[in-house]
Structure formats: C-alpha cells, structure tokens
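Hi there,

Here is the structure I promised to pass on. My notes on it follow below, and I hope they are handy when you open it up.

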Amino acid sequence: MEKISVAVRFRPPNQAAADLSSGFGGGDREWRIDDGSRVSLLHRAAGPVPGASFAFDHVFDGATTNEQVYASVVRALIHSAVDGFNGTAFAYGQTSSGKTFTMNGCDSDPGIIPRAIRDIFDTARQAEDREFLIRVSYMEIYNEEINDLLSLEGQKLQIHENLEVIESSAKNQMDSRDAIRVSVLNLVDLAGSERIVKTGAEGVRLNEGKHINKSLMILGNVINKLSENGKQRGHIPYRDSKLTRILQPALGGNAKTSIICTAAPEEILTDAALLKRQKLEIEELRKKLQGSHSEGLEQVVLKLRNDMYKSELERDRLAMELEEERKLRETLEHRVAEQQKKLEDLNNTSISAEHFQDSTQLDALKTPDSKYAPEDFVACRLRYSNDVEFSPIPETLDNVADEDLWARLNKGCVTDLDMLEMTPGLKHEESMQKDSTSAVPLEEPAEARCKRLEKDCISNHQQLEESKGRCVMLEKEIEMLRDENSSLQQEVSKYKQEDDRIIAEKQEQLEDAMMRCAVLEKELFRYRQDADRLAAEKQDLLGELNTEKQKMQELRKDISVITRAFSQREGQLTSLYSKSKAIVEHCKSSQVAALP
Ligand SMILES: Nc1ncnc2c1ncn2[C@@H]1O[C@H](COP(=O)(O)OP(=O)(O)OP(=O)(O)O)[C@@H](O)[C@H]1O
C-alpha cells in the first residue's frame with residue numbers, strides 16, 4: 001500500500017436529482033469512470049471535456065458498498081496499524097456527499113469505523129503470540145476546540161504529545177527482538193467542505209464555516225507537502241490547526257493515509273436541470289409555507305390562548321369569591337351597625353334603669369323568674385333562636401363542622417371551605433352560650449347584655465378586619481392575574497408578530513426564488529432563441545458551404561481541364577520548338593556547306 005492513497009467515491013444520486021437527470025452526473029454532462037481509477041467528464045453530445053479527466057488510486061461509483069470501499073482502501077491500513085504502523089483514514093467532501101455514510105455506514109452495510117474496530121479486535125485475537133492494549137478516544141473539533149465526546153461533562157481536551165491508541169507486546173518476554181509496538185490510528189469524519197460564498201452562512205455558522213475551511217485548507221497543505229519529494233518538502237505546517245496537530249503522528253513518518261473524497265453526482269447540472277431543481281425547491285418552500293411552517297407557532301399560540309382562557313376563568317372565579325367576600329363584609333358591617341344600634345339602645349335603657357331610686361322599684365318591674373336568674377346570657381337563646389343564621393348547633397359539633405352539616409346549617413350553601421373553619425367556631429361559641437341559658441329566666445341584665453354585645457361587636461370587627469384583609473389579598477391576586485393575562489396577551493401578539501415575520505420572510509424567499517426562476521426561464525428562452533437562430537444560421541452557412549464546395553469542385557474540374565489542355569499545348573509547343581530547332585540547325589548546316 002502506498003503511503004498516501006486517494007480514492008473518490010460517488011454517492012448514488014438522490015431521488016430528486018435522479019428525477020432531474022438521466023444518468024450519473026445529470027443533464028448534458030456526466031462523469032464516467034474508466035477502469036476503476038480514472039474519472040472523466042463527458043459532454044453527452046460533444047464527448048470528453050478537455051482537461052477534465054483525473055486519475056486516483058481508486059474511483060468508486062454509486063453501486064460500491066462500504067464493504068468494498070473498506071476492503072480496497074482501509075483494510076490494509078488497519079492491519080499495518082496492528083503491526084505497529086501509524087495510520088489515518090478520513091472522508092473529505094461536500095455536505096451530503098456521503099462522508100458519514102462512508103465512515104459510519106448503516107445497519108445493513110456498516111462503514112469504515114465499525115469495520116475497522118471489528119478488524120482490529122479480530123486481528124488482535126488471532127495474534128496468539130502477542131498481547132494488546134488498545135486505547136480509544138472519541139472527539140470533536142469545533143471552532144478549533146477539542147470536545148471529548150466520551151466525557152459526560154462535555155470536557156474540553158488539550159493536545160498532549162504522548163501517543164495513544166494501539167500497543168502490543170510479545171507474550172514471551174524472552175523474545176526481545178520485537179518487544180513493544182505502538183501505533184496510532186485515526187478514523188476521521190471531516191466536516192463538509194463548502195465554499196462559504198455558496199452557503200450564504202452568517203453569524204455563528206459563518207464563524208464555524210471559516211474554522212472548518214481553514215483547518216481543511218491546512219490539512220490539504222500538510223498532505224500536499226507530505227506527497228512531495230522528501231528533500232523539497234521543507235516545513236510541514238502541522239501546528240497550524242488542531243486537526244493537523246492531532247493527526248500529525250498518523251500522517252507523517254512511517255504513517256499510511258487513506259483519503260476518501262466523497263462526491264455527489266448531481267453537482268453537475270445543466271441550466272435546464274438547475275431550473276427544474278429551483279422549481280422543486282420553490283415547490284418545497286410553498287408546501288412548507290402552506291403546511292408545517294406555522295404549525296409549531298400555531299400550537300404555541302393555541303397553548304397561550306388556553307393559558308389565557310384558564311387565567312380568565314381563574315380571574316372570574318376569584319372575582320366571584322371577591323364578590324362573596326364583599327357581600328359577607330357588607331352583612332357583617334350591617335350586623336355590626338345593628339349591634340352598635342342595639343348597644344346604644346341598651347345604654348339608653350340602662351341609663352333609664354338608673355333613674356329608679358332603689359332596687360326594689362326595679363325588681364318590681366321584673367318577672368318572678370328573672371329575679372332568680374344568674375346575670376349572664378338571659379334571653380339570649382330565645383332572641384336568636386328565631387334567626388336562621390343562629391340556629392342551634394349540635395353538641396357534637398365542637399369547633400369544626402363537616403361540609404354536609406355546614407351545608408344544612410347554611411341552607412345548603414357552602415361557599416368556601418376556609419370559612420367553614422372560622423364561622424362554625426364563632427357560631428358554635430355563641431350557641432353554646434345560648435344553650436347554657438336555656439333553663440334560666442328570659443330577661444338579661446342590661447349591663448351583662450351590654451358587655452356581651454360589646455364582645456360580639458369586637459369579634460365581628462375582627463371578622464370584618466379579616467375579611468377586609470382577605471379582600472385585599474384577593475384584589476392583589478386579581479391584579480397579578482390581570483398582569484399575567486396582559487403579559488400572556490403580549491406574548492401571543494409577539495408570537496403573532498414572529499409568525500407574521502416568518503411568513504413574510506418565507507414569502508420573500510418564495511418571491512425571490514420565483515424571480516430567480518423567472519430570470520432563469522427568460523435566460524433559457526433567450527438561450528433557446530439564440531440556439532434556434534444559430535441553428536438557422538448554421539443551416540444557411542452549411543447551404544453556402546455546399547454551394548461553395550460545388551463551385552470549388554467545378555473550378556477544380558475547370559482547372560484540371562485547363563491543366564490538361566495546357567500540358568497538351570505545352571507538349572505541342574515543345575515538339576514544335578524541337579522541330580523548328582531541328583529545321584534551324586539543318587538550315588545552318590546547309591548554309592555552312594554551301595559556302596565556298
Ligand atoms: N454510498 C451511499 N449509498 C447510499 N446512500 C448514501 C451513500 N452515501 C450517502 N448516502 C446517503 O446520502 C445522505 C447524505 O450522506 P451523509 O450524511 O453521509 O453526508 P455527509 O457528507 O456526511 O454530510 P455532512 O457534511 O452533513 O456531514 C444520507 O442520507 C446517506 O444515507
């Protein structure tokens with residue numbers, strides 16, 4: 001195996017591209033693989049495109065499996081690694097060209113990484129005379145930072161100059177000729193090698209893309225340097241990126257490197273195919289716009305609306321409670337006012353009682369029973385026993401009543417369980433007091449009654465204060481709910497705005513794409529017109545050419561006739577000349593002979 005082997009692997013065309021193209025490469029041009037190691041670009045009509053034929057160690061077409069790729073370019077490297085040679089295998093290519101598929105594969109056709117791991121362990125198991133220590137790290141380089149993918153805390157890694165991955169030693173320590181072999185093996189899934197201008201990335205993605213392209217460029221430089229002749233090689237820039245620093249031990253020296261360049265065949269498209277692709281994209285965008293794009297937002301809006309309705313219901317419930325509290329407060333205030341009035345009446349009564357001169361005069365006014373009654377709670381029970389609110393409480397009631405009992409006592413109306421704890425105690429206390437007077441005379445001394453009413457008044461005041469406090473709390477709660485409600489409404493409107501913005505954006509994209517489509521359509525139309533015009537011109541020119549050719553043939557014929565006539569003439573002239581010359585010679589010689 002060469003130190004650096006470069007293979008190209010074409011991915012099978014995806015369905016959309018396959019629909020657009022009629023073959024491997026699409027449109028009027030296609031890549032053709034010659035004898036598994038050369039790939040050439042052909043124009044379907046015009047034949048090979050000059051200067052577009054490239055040789056590699058291997059060229060795999062879309063039908064090649066991961067198993068075949070592994071067997072051709074990686075297996076030997078893995079075996080060398082087990083034997084102590086460093087090695088690196090990586091996939092390089094555009095996004096979606098099949099790097100991850102090549103490195104990881106799928107269940108039915110595992111990629112290089114699972115196959116390599118299985119192979120390492122199988123080979124180690126078979127080497128009965130050696131024992132192995134295999135260390136593994138799994139990392140990601142992102143924006144020139146190395147993340148340990150096996151660490152749960154997402155730990156960042158530093159590069160250290162020590163070697164890890166495969167180590168083996170002879171089981172028989174006496175065999176010191178080949179004591180310890182250490183090798184490093186890197187299996188790398190590189191990031192997509194896009195041109196940033198093409199991706200149109202911004203912000204974080206742009207930064208990410210810059211780092212990726214920089215490290216890929218440095219990797220390219222390193223590999224170029226390594227492939228140069230040893231003496232001319234000069235400095236190899238391993239330290240210019242984290243990627244090359246990590247790969248360094250397994251790239252230079254005695255290392256073997258397999259580079260698998262992945263490519264998507266549909267990268268080459270004619271204008272017509274490009275136009276069709278644009279149309280498909282537009283169609284997809286349109287579908288997205290109609291369907292799923294707003295689904296998520298609609299759900300959020302729906303949820304927010306539900307929340308809003310819930311909070312409105314809660315607000316209504318609290319408003320009802322508040323109303324009940326208000327009514328209760330009014331009742332209590334009314335009762336306090338009544339009692340104050342009674343108190344005042346009683347005061348007046350007691351003052352008028354003081355007008356009597358002695359107790360015998362006052363006693364004369366009382367009923368016989370009341371004369372012997374104790375001074376407290378007289379008549380209390382009878383006075384209140386007619387009042388529904390103060391109907392007698394069973395003895396077992398104590399200070400807490402169950403809900404049914406309380407419902408009966410309150411004519412079936414139970415408004416608030418909190419009130420159940422407070423009100424029965426209050427009423428029960430009063431009723432018990434009333435019960436204790438049931439056997440005594442009806443008249444209550446004015447002073448005692450006055451005291452009792454004062455006490456009642458104080459307790460009613462307390463209740464009133466409590467209910468006022470509760471009212472304030474409920475009002476605060478309602479205020480909070482109102483705030484919450486308005487913030488939810490704001491959020492809904494924010495989402496609506498966001499929704500509108502996305503729709504507008506998509507609409508803009510759609511319009512943009514449609515405009516591009518229209519421009520391309522116009523261009524295509526112009527091309528077609530040009531092509532038709534050129535075809536017509538070509539036809540005319542061909543006609544002219546044929547006429548010229550015919551004329552030329554005729555001229556050639558004329559020339560040959562003339563040439564023939566000329567040579568005939570020439571022959572005649574030559575023979576005439578020779579004849580004349582002979583005559584002249586003859587005349588000359590006859591003249592000489594005739595001289596005296
Ligand atoms: N040789 C192949 N045979 C069948 N399917 C393939 C092949 N190569 C790639 N694919 C499919 O093409 C899609 C894109 O491939 P893949 O995710 O491997 O691309 P990638 O170059 O790793 O992309 P990225 O730059 O996003 O990492 C996947 O659905 C993958 O299953």
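Strand β1 (residues 4–10) is largely enclosed by the rest of the structure, because 6 of its 7 residues are buried (under 20% relative accessible area; exposed is over 50% and partly exposed in between, with a 1.4 Å probe and protein chains only). Strands here are DSSP E runs of at least two residues, helices are H or I runs of at least four, and both are numbered from the N terminus.

This is a predicted model, in which local features need pLDDT of at least 70 and side-chain atom pairs count only at pLDDT 80 or more, while totals for chains, interfaces and linings use all residues. Residues are numbered from 1 along each chain as its sequence is written, and side-chain values use heavy atoms, leaving out hydrogens and water.

β1 runs parallel to β14 (residues 256–263), joined by 7 bridges, with Ser5 partnered by Ser258. It also runs parallel to β5 (residues 58–60) through 3 bridges, where Arg9 pairs with Phe60. Pairing takes at least two DSSP bridges between the strands.

An unreviewed UniProt entry puts a "binding site" at residues including Ser97 and Thr100; such annotations may be inferred rather than shown by experiment, and positions follow the numbering used here, with feature names shortened.

Ser97 sits in the loop between β6 (87–93) and α3 (99–103) and is buried at 2% relative accessibility. Beyond four places in sequence, Ser97 contacts Arg11, Thr262, Ala263 and Ala264 (heavy atoms within 4.5 Å). Thr100, in helix α3, is partly exposed at 42% and touches Gly105 and Asp189, again leaving aside residues up to four places away.

Best wishes
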